[in-house]
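Colleague: Could you walk me through this model and tell me what stands behind each term you use?
Modeller: Gladly; here it is.

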Amino acid sequence: MGLLTWLRRQSTALILDVSGVTGILYSWRTSNKYLAALVSLYYLGTRTLHLYYNSRNQIERGQAIVITGCDSGLGYSLAFHCQSLGAVVIAGVLDENGLGATSLKENGIIVFPLDITDESSIIQFYNFLNTYLYQKDLTLKALVNNAGVMVFGEFEWQTKNQLRQQLEVNLIGTMEITHKCMPLIRRDLSRIILISSHCGYEPLPGVAIYSATKAGINAWATSIRVELKKYGIDIVIFVPGSFTQESNILSEQTNNFDAMKEIMSIEAADFYGDYFDRYAKYFEPLSVKDGPKKIKNLQIYEQFTGALLDRFPSSIYKCEPWRYFFYYTLFKITPNYIRDRLTEYFVQLPRWNERKIIGDQNKLQKDTFQGINANGYKSFKVKNSKFIG
């Protein structure tokens, strides 16, 4: 555990210790022994409560953890991490014969194919899980909903398939696999961990659809946390931060841009000009498909362990740089005009070069309407056709 990670975790305890010892020394030095006794009791009481409410359970023998989306990236890494904690790990993978699945199998992790957008795949996975837990006399410690997809690109550019895929994987599929596993979750009082994103709290340009799906996950988690609490089931959101270069989540981004360009209309292509190409080139370095590898950021594992094992878990665990806190605070307290400018600075996407294309647009409209008239449609006049890009 790194020093910064340790300080983050122990920050409250350190504040209590410093303030308590300072109060005791001051009151004793001023010969106010009654105050010293009172401060001592207060310090011991708050420190005891802090230790109790920040205590962690341990993985017990015979406990299993289910993780979806383990082909690479975060799911792949968390599967190994949970195994190191002593759990029996059941990993859902999209490609049963892929490099990630093969590596997991070789290291003793149970692998089963799972496509959370396919109802029959979800049923097969649940039947396997139910049977396996019964045969091995295991209890379900947690369901970690990790499977997710991300497509970069402005909203108008993204294809219907890209839109649907993000909705079906990130939101609908996550709900469906959780819904199917509820009998096991209720039986074993399992914990449900939902992998979210800072985009779900502060939606960002370029990932409008992805942000919407994660915001939906956050809203859903907030609702079912209250619904399931009375049954002894905890709902926890885990925000792992940015690790795209250690994941394959953007490995198809070049193909995604090609699909966007293919369906783009002549009018849209003329309007965006070279902006689309510069935008696509900007993300080209991230669109590299590499073999599965473990994420190196130790803070991610530390925060996830808290989400998994804290006796009294928080509703959300975040693994983000300190500067994100200041960005998000500014986003919330500033007017929208300033907030939008801060967002542009934060994201730093390629700049749009504003162009006046009045003449080109008028010509495009004229050619279009001449084509319509040539095909026998009634001619008409368009008002206010002036267009500024």
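**Terms and values**

Modeller: The protein has an accessible surface of about 22,100 Å², and carbon and sulfur atoms account for 56% of that. Such areas come from the Shrake-Rupley method with a 1.4 Å probe, and for residues only the protein chains shown count as cover. This is a predicted model, in which local features need pLDDT of at least 70 and side-chain atom pairs count only at pLDDT 80 or more, while totals for chains, interfaces and linings use all residues. Residues are numbered from 1 along each chain as its sequence is written, and side-chain values use heavy atoms, with hydrogens and water left out.

Colleague: What is the mean pLDDT of the protein?
Modeller: The mean is 83, and 77% of the residues reach 70 or more, on a scale of the predictor's confidence in each residue that runs from 0 to 100. Over residues 357–389 the pLDDT is below 50, although this stretch has 25 contacts (heavy atoms within 4.5 Å) in the model beyond near neighbours in sequence. Where pLDDT is low, the predicted coordinates should not be read in detail.

Colleague: Why is Thr174 called buried?
Modeller: Buried means under 20% relative accessible area, exposed over 50%, and partly exposed in between (1.4 Å probe, protein chains only). Thr174 has a relative accessible area of 4%, so Thr174 counts as buried. Its place is in helix α6 (residues 160–188). Leaving aside residues up to four places away in sequence, Thr174 touches Ile116, Asn145, Ala147, Val169, Leu194, Ile217 and Trp220.

Colleague: And what makes Gly273 partly exposed?
Modeller: Its relative accessible area is 31%, which lies between the 20% and 50% limits, so the label is partly exposed. Gly273 sits in the loop between α9 (266–272) and α10 (275–282).

Colleague: What do the buried residues of α3 pack against?
Modeller: Of its 12 residues, 10 are buried, and these pack against β1 (63–67), β2 (88–93), α4 (99–106), β4 (139–145), β5 and α11.

Colleague: Why is α11 described as largely enclosed?
Modeller: Because 11 of its 12 residues are buried, α11 is largely enclosed by the rest of the structure. Among the buried ones are Tyr301, Glu302 and Phe304.

Colleague: What joins strand β5 (residues 191–195) to β6?
Modeller: There are 4 bridges between them, and the strands run parallel. Two strands pair if DSSP finds at least two bridges between them, so β5 and β6 are a pair. Leu194 stands opposite Ile237 in β6.

Colleague: Which way do the residues of β6 point?
Modeller: Ile235, Ile237 and Val239 point one way, Val236 and Phe238 the other, and all are buried. In a regular strand the side chains alternate between the two faces of the sheet.
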